[in-house]
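Reader: I have a structure open and would like to learn how to read its features. Please take them one at a time.

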Amino acid sequence: MPKYSAKNKRIIVVDLDGTLISKDSSFSLFQRLLLRNPLRGARAIWNYCAYGEAYAKEYAQLHTPHAAYQHIINKKLISYLKQEKKDGATLILATGANIDTAYAFNKQYKLFDRAIGSDSQVNCIGIHKLNAINKFYKDFMYIGDHWYDTPIWLAAKKIGVVKPN
């Protein structure tokens, strides 16, 4: 494989939910919160209605102990990404899940160079995710799974589709 300089380094941006893992991590987080603390779970639902999805995701993230990822992992994609990283690519995890979920996933798998995710103000999906990516990168490959990813696929230099919804 050729060596890559900073100028021509490949950037691969990868979605989390439905792409790297089989489930929606935010939904799983809400489930755990409801089971462990029904009052806080109810509050998360109220926050969703009153303040929106981004705020509710952050609330659930803050009030749910983060267990190791037990979702079904896309092993073929992980293997591909490990090889790309070995060959010099920069890997970015971009998710609609809360940014702390992205950090926890990366802490477990130690694969990505940067993580982009939702916070209490912005639900990082669709055009919001594209804006967050474009703050750092213009030429990138994007691997995703959902129609929400369409604006990112349209802006990407190369695309990958995993198990489309």
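Author: We go through the sheet, the salt bridges, the cysteines and a surface patch.

Author: This is a predicted model, in which local features need pLDDT of at least 70 and side-chain atom pairs count only at pLDDT 80 or more, while totals for chains, interfaces and linings use all residues. Residues are numbered from 1 along each chain as its sequence is written, and side-chain values use heavy atoms, with hydrogens and water left out.

Reader: In what order do the strands form the sheet?

Author: Strands (E, at least two residues) and helices (H or I, at least four) are DSSP runs, numbered from the N terminus. Two strands pair if DSSP finds at least two bridges between them. Here five strands make an open sheet with parallel pairing, in the order β3-β2-β1-β4-β5. Its edge strands, β3 (114-118) and β5 (158-161), each pair on one side only. Within the sheet, β1 (residues 11-14) is joined to β2 (residues 90-98) by four bridges, and Val 14 stands opposite Leu 93 in β2.

Reader: How many salt bridges does the structure hold?

Author: Side chains of opposite charge can pair when their charged atoms come close. The term salt bridge is used for a side-chain nitrogen of Lys or Arg within 4 Å of a carboxyl oxygen of Asp or Glu. The structure holds four. In one of them, Arg 10 meets Glu 84 at 2.8 Å, N to O. Arg 10 lies in the segment before β1 and Glu 84 in helix α4 (residues 75-86), so this pair ties together parts that are 74 residues apart in sequence.

Reader: Are Lys 129 and Asp 15 buried or exposed?

Author: Buried means under 20% relative accessible area, exposed over 50%, and partly exposed in between (1.4 Å probe, protein chains only). Lys 129 and Asp 15 are both buried. They form a salt bridge, with their closest N and O atoms 2.9 Å apart.

Reader: How many disulfides are there?

Author: A disulfide is a pair of cysteine sulfur atoms within 2.5 Å. The structure holds zero. Cys 49 counts as exposed because its relative accessibility is 64%, whereas Cys 124 counts as buried at 3%.

Reader: Which residues make the nonpolar surface patch?

Author: Patches are made of residues with over 30% relative accessible area and no salt bridge; like charges are joined within 9 Å, and nonpolar side chains (Val, Leu, Ile, Met, Phe, Trp, Tyr) within 5 Å. Here Trp 46, Tyr 51 and Tyr 55 make a nonpolar patch of about 350 Å². Trp 46 sits in helix α2 (residues 38-51) and is partly exposed, at 46%.

Conventions
Accessible areas come from the Shrake-Rupley method with a 1.4 Å probe; for residues, only the protein chains shown count as cover.
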